[in-house]
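Please load the model in a viewer and keep the selection panel at hand.

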Amino acid sequence: MDVIAFREFCLALPFATEEMPWGDDVIVFKVMGKMFAYSDISDFTWVGVKCDPVLATELRETFPEVGFASHMSKVHWISVCTDGHLGDSFIKERISDSYS
């Protein structure tokens with residue numbers, strides 16, 4: 001997944017909005033004022049998404065490409081590597097879960 005596909009996927013979700021509250025490098029997607037995904041757009045190597053705590057632990061233990069999201073709750077947020085090892089469908093599923 002590249003940053004353009006990430007942005008298009010997030011904005012295609014109903015009522016999703018985008019912001020850049022932390023400067024020009026980090027894009028944040030929200031629904032009804034709540035964040036559901038974010039990433040650094042100049043160094044698009046990961047996507048941060050909200051995740052069920054039990055699932056977050058399971059995903060981090062199963063996939064080396066899933067880790068803790070920078071500057072976010074270690075319980076409720078994960079980062080997913082965008083290098084292609086997990087595939088776009090895996091990333092989209094994590095974004096959709098976060099959005100829900």
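Buried means under 20% relative accessible area, exposed over 50%, and partly exposed in between, with a 1.4 Å probe and protein chains only. Helices (H or I, at least four residues) and strands (E, at least two) are DSSP runs, numbered from the N terminus. This is a predicted model, in which local features need pLDDT of at least 70 and side-chain atom pairs count only at pLDDT 80 or more, while totals for chains, interfaces and linings use all residues. Residues are numbered from 1 along each chain as its sequence is written, and side-chain values use heavy atoms, with hydrogens and water left out.

Select E2, residues 26-31. This strand is mostly covered, since six of its six residues are buried. Val 26, Val 28 and Lys 30 are buried on one side, and Ile 27, Phe 29 and Val 31 are buried on the other.

Two strands pair if DSSP finds at least two bridges between them; E1 and E2 do so in the antiparallel sense over four bridges. Glu 19 stands opposite Val 28 in E2. The two strands form a hairpin with six residues between them, and Gly 23 in the turn has a positive phi of about 110 degrees.

E2 and E3 are antiparallel, paired over six bridges, and Ser 39 in E3 is the bridge partner of Ile 27. Their hairpin has two residues between the strands, and Met 32 takes a positive phi near 55 degrees there.

**Aromatic side chains**

Display the rings of Phe, Tyr and Trp (its six-membered ring): these pair if their centres lie within 6.5 Å, and planes under 30 degrees apart count as stacked, over 60 as edge-to-face and the rest as tilted. The structure holds eight aromatic pairs. One of them joins Tyr 38 and Trp 46, whose ring centres are 5.3 Å apart with planes at 70 degrees, so the pair is edge-to-face. Tyr 38 is buried at a relative accessible area of 3%, whereas Trp 46 is partly exposed at 21%.

Tyr 38 also pairs edge-to-face with Trp 77, with centres 5.7 Å apart and planes at 65 degrees. Which residues make up one aromatic cluster? Select Phe 6, Phe 29, Phe 36, Phe 44 and Tyr 99 to display this cluster.

**Charged side chains**

A salt bridge is a side-chain nitrogen of Lys or Arg within 4 Å of a carboxyl oxygen of Asp or Glu. The structure holds four salt bridges. Select Glu 18 and Arg 7, which meet in a salt bridge at 2.5 Å, N to O.

Move to Lys 30 and Glu 19, whose side chains meet in a salt bridge at 3.2 Å, N to O. Lys 30 is buried, with a relative accessible area of 18%, while Glu 19 is partly exposed at 33%.

Finally, select helix H3, residues 88-99, where Asp 97 and Arg 94 lie three residues apart, about one turn of the helix. Their salt bridge has its closest N and O atoms 2.9 Å apart, and Glu 93, Arg 94 and Asp 97 are linked in a network of salt bridges. Arg 94 is buried, with a relative accessible area of 6%, and Asp 97 is partly exposed at 41%.
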